[in-house]
Amino acid sequence: MRRIKKISLVAAIVFVMAVFLGGCGSSAPLAGDAAVGDWTMTSAEYAGITLSADDLKDAMGAMPVITINEDGSATVNFDGEESKGEVTKNDDGTYTLSDDTDETLNFEVKDKKLKLDYSAMDMLMVFEQK
């Protein structure tokens, strides 16, 4: 059963990474913002289970890395595949990741962690800067 949950988690993460395709900004709306930088996934919470990077490495190999630039462009590297997207900061301090599809993902940066909410699968992915 735990193996099925890990496989489901990996499939969901691959889907989330696909959402990042397209788009980039032309100015520097995130200059000096806490979200700017390279973020590596360190854990994921799914179906009431928290899996650490060590738990996920067996199923995924390398952990996903999100790079957010000052111009709002974002790059996600997952297992050698790179996707591009755009990040905007919302009035409430949260952020939205989007691309040229109708898919958007929300995240927050708090306590030096980027917490990406993938509510379609009741999943929270946690990233930290290394």
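Tutor: Lys113 counts as partly exposed, at 31% relative accessibility (under 20% relative accessible area is buried, over 50% exposed, partly exposed in between, with a 1.4 Å probe and protein chains only). This is a predicted model, so local features need pLDDT of at least 70 and side-chain atom pairs pLDDT 80 or more, while totals for chains, interfaces and linings use all residues. Numbering runs from 1 along each chain as its sequence is written, and side-chain values use heavy atoms, without hydrogens or water.

The partner of Lys113 is Glu128: their side chains form a salt bridge, 4.0 Å from N to O (a side-chain nitrogen of Lys or Arg within 4 Å of a carboxyl oxygen of Asp or Glu). Lys113 sits in strand E8 and Glu128 in strand E9 (residues 123-129), so the bridge ties together parts 15 residues apart in sequence. Strands are DSSP runs of E, at least two residues, and helices of H or I, at least four, numbered from the N terminus. Glu128 is partly exposed too, with a relative accessible area of 26%.

Searching the whole structure turns up three salt bridges. In another, Asp33 pairs with Lys89, with the closest N and O atoms 3.0 Å apart. Here the loop between helix H1 (2-18) and strand E1 (37-46) supplies Asp33 and strand E5 (residues 81-89) supplies Lys89, so parts 56 residues apart in sequence are tied together. Asp33 counts as buried at 14% relative accessibility, whereas Lys89 is partly exposed at 44%.

That leaves Glu82 and Lys84, whose closest N and O atoms are 3.4 Å apart. Lys84 is partly exposed, its relative accessible area being 44%.
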